[in-house]
Amino acid sequence: MGGKNSVPGQHGQVPGGAPMVHQVSDLSTDKIRRGFRQYCNGEGKLTRPKFHEALKLLEDLGLRRLRDTPLGDRLFTTFDTDRSGLVDEEEFVRGVAVLVGDDQRKKIDLTFQAYDGTRGGVVSRAEFLDVLSQSWSTAFKCLADALRKQQASGRARAGAPTAKDVTDFAQRNLPKFRQAAERQFEQFDVLRQGNLDRNMFGQWAAQDRTVSAKFGDVAVQVAVTFVNIEKPAAYPDAQSLTPPPNPQ
């Protein structure tokens with residue numbers, strides 16, 4: 001499930017057949033609004049569960065998966081600018097416009113807002129590690145689900161791990177992953193204050209980072225920033241927090 005243990009790295013192959021959004025003009029505001037209206041409630045608002053369903057629309061348009069991921073869940077809070085616990089159409093359209101746009105600086109700022117859950121103007125060590133650790137678990141949950149489907153269809157490779165093997169592996173190696181993530185935090189926490197301001201965090205988030213889980217030709221990458229979210233997740237272009245070796 002990846003390359004060497006606990007360091008950022010590059011590995012694997014580019015998944016084929018994924019669409020790619022080349023320009024913001026490919027997506028009109030009307031398309032975004034029509035998509036929103038498929039999932040909103042009678043009052044024209046998205047609840048958190050429906051928000052995740054609506055994020056599937058972005059995948060259909062070529063953006064990386066945010067649905068049912070820790071970053072996608074925090075995106076709901078970020079889009080909910082009036083703190084109503086619901087996302088309305090204008091909030092959704094404004095936020096999606098950033099995601100599908102080509103201004104990577106705005107995407108870095110949106111990533112910062114997603115990590116800064118306390119609205120304190122900094123990203124704490126705990127917040128940083130929580131998002132990455134949850135993303136690790138999500139990546140392996142998605143991998144386990146994909147392998148389960150392969151096994152159910154009779155297409156599983158000989159010697160492939162079971163879904164339980166994958167989830168057990170993820171839990172067993174989570175402490176190692178957190179150590180790798182903590183080293184990254186310390187690398188950018190140059191003032192040793194236990195938090196990252198916008199500038200420090202922006203230096204970290206500027207790279208195309210994902211958490212990756214892979215077995216054979218089944219690969220999952222969970223985005224942990226919005227940078228290049230409009231491009232298909234790719235091996236080896238993404239700077240991955242690489243998992244430990246394959247489970248035995």
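**View 1. Asp-130 in helix α6 of a predicted model.** Asp-130 is a residue of helix α6, where helices are DSSP runs of H or I with at least four residues, strands are runs of E with at least two, and both are numbered from the N terminus. The model is predicted, so that local features need pLDDT of at least 70 and side-chain atom pairs count only at pLDDT 80 or more, while totals for chains, interfaces and linings use all residues. Residues are numbered from 1 along each chain as its sequence is written, and side-chain values use heavy atoms, with hydrogens and water left out. Asp-130 counts as partly exposed because its relative accessibility is 33% (buried is under 20% relative accessible area, exposed over 50%, partly exposed in between; 1.4 Å probe, protein chains only). Between the C-alpha atoms of Asp-130 and Tyr-115, 15 residues apart along the chain, the separation is 9.2 Å.

**View 2. The span of helix α6 and the residue after it.** Gly-154, with a positive phi near 80°, follows α6.

**View 3. Helix α6 against helix α7.** Helix α7 (residues 163–188) packs with α6 at an angle of about 155°, the axes being 9 Å apart. The two helices are therefore roughly antiparallel, a term for angles over 145 degrees; angles run from 0 to 180 degrees between N-to-C directions, and axes are lines fitted to C-alpha atoms, for helices over the stretch in contact.

How values were computed: Parallel < 35°, antiparallel > 145°, perpendicular 65-115°, else oblique.
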